Amino acid sequence: MSESESICHKCNEVIQQRIITALGKTWHPEHFACKDCHKPITEPTFNIQNGDPVCSDCFVSNYSGTCFGCKKPILERTIKAMEQSWHEECFVCAGPCKTPLVGTSFYERDGRPYCRVDFEQLFAARCAGCGQPITENAIVALNAKWHRDCFKCKKCLTPITASTFAVEDNKPLCTTCSD
C-alpha cells in the first residue's frame, strides 16, 4: 500500500474509486452510512451523534427534540426554557406583542412565556383608582387594591396616608373632608 492510498474507515480496505472524506476519515461511498439505519448517506449534509454519521430521517426520529411552540422537530440550535425545548424563532411572548424572548428575562404563566409589559397588562392586579396594572406595592382597602398615589380622598384628591379614613360611595375620604 502506498502512502497516497486511502483506507475505508468501515471495512479497512483500500479505496480505489470514489472516496468520501468526512469526520476526519475516509470511506467507500457505500460504507459512509447512518449509524442507526445503516443506509448510505447520500445527502450533502448529515448529522453527527457520538462521532458517527446519522441521516436526517434518523436524526429527526431519534435525536432531535420537538419544539414546545410549534411541535415540529428541532434541527438547529435549541433554546431550553421552562423545562422545554424551543426553536429560537418560536420562543416568543405568548401575549399580543409576540416579541422574541431569547436572551431576555420573561415571566411564565400556565407554561407560557410573556414579556414584562404583556404579563402586567394581562395578569397584574388592577388599581381601583386608575384601572392600570399594579406592579409594585399596593394599598389594600375597601375590598380592592390601589397604587399609593391613587388612594386619595375623593373630594380634595389628597393622598391618604393615615391609617384611618372615612368612606363615601365605596371611595376613601380623608379625615378633614369627612368632618
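## Stop 1: helix H1

Select Phe59, which counts as buried because its relative accessibility is 12%, below the 20% cut-off. Phe59 sits in helix H1. Keep in mind that this is a predicted model. For a distance, pick the C-alpha atoms of Phe59 and Thr42: the two residues are 17 apart along the chain, and the atoms are separated by 15 Å.

## Stop 2

Is Lys71 buried or exposed? Lys71 is exposed, at a relative accessible area of 53%. Its backbone is worth a look as well: Lys71 is not a glycine, but its phi is positive, near 70 degrees.

## Stop 3: an aromatic cluster

Now select Phe68, Trp86, Phe91 and Phe106 together; these four form one aromatic cluster. The count for the model comes to 11 aromatic pairs. One of them joins Phe68 and Trp86, with 5.2 Å from centre to centre and 70 degrees between the planes, an edge-to-face arrangement. This pair links distant parts of the chain: Phe68 belongs to the loop between H1 and S7, while Trp86 is in strand S8 (residues 84–86), 18 residues away.

How exposed are the members of the cluster? Phe68 is partly exposed, at a relative accessible area of 30%. Trp86 is buried, with a value of 4%. Trp86 also pairs with Phe91: the ring centres are 5.1 Å apart and the planes stand at 65 degrees, so this pair is edge-to-face. Phe91 is buried too, with a relative accessible area of 2%.

## Stop 4: the largest pocket

Which residues line the largest pocket? Select His9, Lys10, Trp27, Glu30, His31, Ala33, Cys34, Lys35, His38, Asp52 and Pro53. The pocket has a volume of about 160 Å³. Coloured by class, its lining shows 4 nonpolar, 3 polar and 4 charged residues.

Stay on Lys10, one of the lining residues. Lys10 is located in the loop between strand S1 (6–7) and strand S2 (14–15). Lys10 counts as exposed, because its relative accessibility is 56% and the cut-off for exposed is over 50%. Draw a line from the C-alpha atom of Lys10 to that of Gln84: the separation is 37 Å, for residues 74 apart along the chain.

## Stop 5: the domains and the annotated spans

Colour the chain by its assigned domains: domain 1 (33–63), domain 2 (78–123) and domain 3 (139–177). The centres of domain 2 and domain 3, taken over C-alpha atoms, are separated by 37 Å.

Next, colour by the record instead. An unreviewed UniProt entry lists residues 6–65 and 125–179 under "domain: LIM zinc-binding". Within the model, residues 6–65 are 12% helix and 27% strand, and the end C-alpha atoms lie 37 Å apart. Residues 125–179 are 0% helix and 22% strand, with 32 Å between the end C-alpha atoms.

## Stop 6: strands S13 and S14

Select Asp169, in the loop between strand S13 (166–168) and strand S14 (171–173). Asp169 counts as exposed, at 64% relative accessibility.

Finish at Cys174, in the segment after S14. Cys174 counts as buried because its relative accessibility is 14%, under the 20% limit.

How values were computed:
Residues numbered from 1 in each chain as written. Predicted model: local features only at pLDDT ≥ 70, side-chain atom pairs only at ≥ 80, totals over all residues. Heavy atoms only, no water. UniProt positions renumbered as here; feature names shortened; annotations may be inferred. Helix = DSSP H or I, 4+ residues; strand = E, 2+ residues; numbered from the N terminus. Buried < 20%, exposed > 50% of the residue type's maximum accessible area, 1.4 Å probe, protein only. Domains from an automatic or database assignment. 1 Å grid on protein atoms, 1.4 Å probe; cavity = no way out; pocket = protein on both sides within 12 Å on 5 of 7 lines; lining within 4 Å. Points joined across faces, edges and corners; volume = space filled by probe spheres on them. Nonpolar A, V, L, I, M, F, W, Y, C, P; charged D, E, K, R; others polar. Phe/Tyr/Trp six-rings, centres within 6.5 Å; stacked < 30°, edge-to-face > 60°.
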